[in-house]
Amino acid sequence: MSLKEEKKNSIIEKSLLLFSKNGFYNTTIPDIAKAMSMSVGNMYNYFKSKEELAKFAIKYSTNILANDLREINQMETSSRDKVFLFTRKYLENVQKSPEVIEYFLRVYLSNREVFNKDCEGFLCVSEFVTEVMILLDEGAAKEEFRQQDFFPAFAMIMGALGGFAFLAGEKVLEKDISTYSDDVAENIYRALKYED
């Protein structure tokens, strides 16, 4: 990775923190530049606008999840085990880097107008969506998951995981989020599993 790419990733990581904490509209390029100890002009050498930075940030954050799921999808194990492994990894990410999940929930989903151009539909999150498709398709092919339309299955998985990330962010969970991992995974699996 080049020095410029490393710096770009650092800017993205810092912007994820600021966007998830303050919201998209309450975070400015000067805020991000100040947090990076950079000049505003230098920031524009990396990103031509706050909107462009926001799009890079959603790709960056969902690619972390895509890479995790890709590794799990390549394992020689049951689809049930893959659901449990991914759920654990996802909830670990919520604990370790809450800004990644918070950004998705609080900026990407609630500020869709920012992502209308060049990021519509699943365009900016396609790597992650592809890995979910692979998980579901392979599970159905092995008759571990039932055949079903992709969107309800995707919403079942991400609704459960996103819901728990939201609850953790709101600090309403009675226990550490990781202690819920197996129960959440079991509920996801039961919603997807093949039944004779």
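This is a predicted model: local features need pLDDT of at least 70, side-chain atom pairs count only at pLDDT 80 or more; totals for chains, interfaces and linings use all residues.
Is Met156 buried, exposed or partly exposed? Met156 has a relative accessibility of 28%, so Met156 counts as partly exposed. If we leave aside its neighbours within four places in sequence, Met156 is in contact with Asn187, Ile188 and Ala191. Take Ile188 from that list. Met156 and Ile188 are 32 residues apart in sequence, yet their C-alpha atoms are 6.8 Å apart in space.

The structure holds one cavity of 30 Å³ or more, and about 40 Å³ of space lies in it, the largest cavity. In general, rolling a probe the size of a water molecule over the atoms shows where empty space is left. Which residues line the largest cavity? They are Lys82, Val83, Phe86, Thr87, Leu135, Ile157 and Ile188. Helix H5, residues 79-96, supplies the largest share of that lining, with four residues. By class, the lining has five nonpolar residues, one polar and one charged.

Now keep an eye on Lys82, because with a relative accessible area of 3% Lys82 is buried. The side chain of Lys82 meets that of Glu138 in a salt bridge, 3.6 Å from N to O. This pair links distant parts of the chain, with Glu138 in helix H7 and Lys82 in helix H5, 56 residues apart. Glu138 is partly exposed, with a relative accessible area of 35%.

How many salt bridges does the structure hold? The count is eight. Another of them joins Glu127 and Arg70, at 3.1 Å from N to O. Glu127 lies in helix H7, residues 126-141, and Arg70 lies in helix H4, residues 50-73, so this pair ties together parts that are 57 residues apart in sequence. Both ends are partly exposed: Glu127 has a relative accessible area of 37%, and Arg70 has 24%. A further salt bridge runs between Lys142 and Glu144, whose closest N and O atoms are 3.4 Å apart. Lys142 is partly exposed, at 43% relative accessibility. Through shared partners, salt bridges also join Arg70, Glu127 and Glu131 into one network.

Lys142 and Glu144 come up again with Ser79. Ser79 lies in helix H5 and is buried, with a relative accessible area of 1%. Apart from its neighbours within four places in sequence, Ser79 is in contact with Glu138, Gly139, Lys142, Glu144 and Phe145.

Next, the nonpolar core. The largest one has 60 residues, and those with the most contacts inside it are Ile11, Leu53, Tyr90, Tyr103, Phe115 and Phe128. Which elements give two or more residues to this core? They are helix H1 (3-22), helix H2 (29-36), H4, H5, helix H6 (98-108), H7, helix H8 (150-169) and helix H9 (181-192). H8 gives the largest share, nine residues.

Leaving aside neighbours within four places in sequence, Phe128 is in contact with Thr62, Leu65, Ala66, Leu69, Phe86, Phe154 and Met158. Among these, Phe86 also lines the largest cavity.

Phe154 takes us to the pocket. The largest pocket holds about 230 Å³ of space. It is lined by 17 residues, and those nearest its centre are Phe104, Tyr108, Leu109, Val125 and Phe154. H4, H6, H7 and H8 each give two or more residues to the lining, and H6 gives the most, with four. Sorted by class, the pocket lining has 13 nonpolar, three polar and one charged residues.

Last, helix H6 itself. Which residues of H6 are buried? They are Glu99, Val100, Ile101, Glu102, Tyr103, Val107 and Tyr108. The buried residues of H6 pack against H1, H4, H5 and H8. When you look at any helix, remember that an α-helix has 3.6 residues a turn, so residues three or four places apart point the same way.

Notes:
Residues are numbered from 1 along each chain as its sequence is written. Side-chain values use heavy atoms; hydrogens and water are left out. On a 1 Å grid over the protein atoms alone, a cavity is a set of points where a 1.4 Å probe fits but cannot get out, and a pocket is an open set with protein on both sides within 12 Å along at least five of seven lines; lining residues have an atom within 4 Å of a point. Grid points are joined across faces, edges and corners, and a volume is the space filled by probe spheres set on the points. Ala, Val, Leu, Ile, Met, Phe, Trp, Tyr, Cys and Pro count as nonpolar, Asp, Glu, Lys and Arg as charged, and the others, Gly among them, as polar. A salt bridge is a side-chain nitrogen of Lys or Arg within 4 Å of a carboxyl oxygen of Asp or Glu. Buried means under 20% relative accessible area, exposed over 50%, partly exposed in between (1.4 Å probe, protein chains only). A nonpolar core is a set of buried Ala, Val, Leu, Ile, Met, Phe, Trp, Tyr and Cys residues joined through side-chain atoms within 4.5 Å. Contact means heavy atoms within 4.5 Å.
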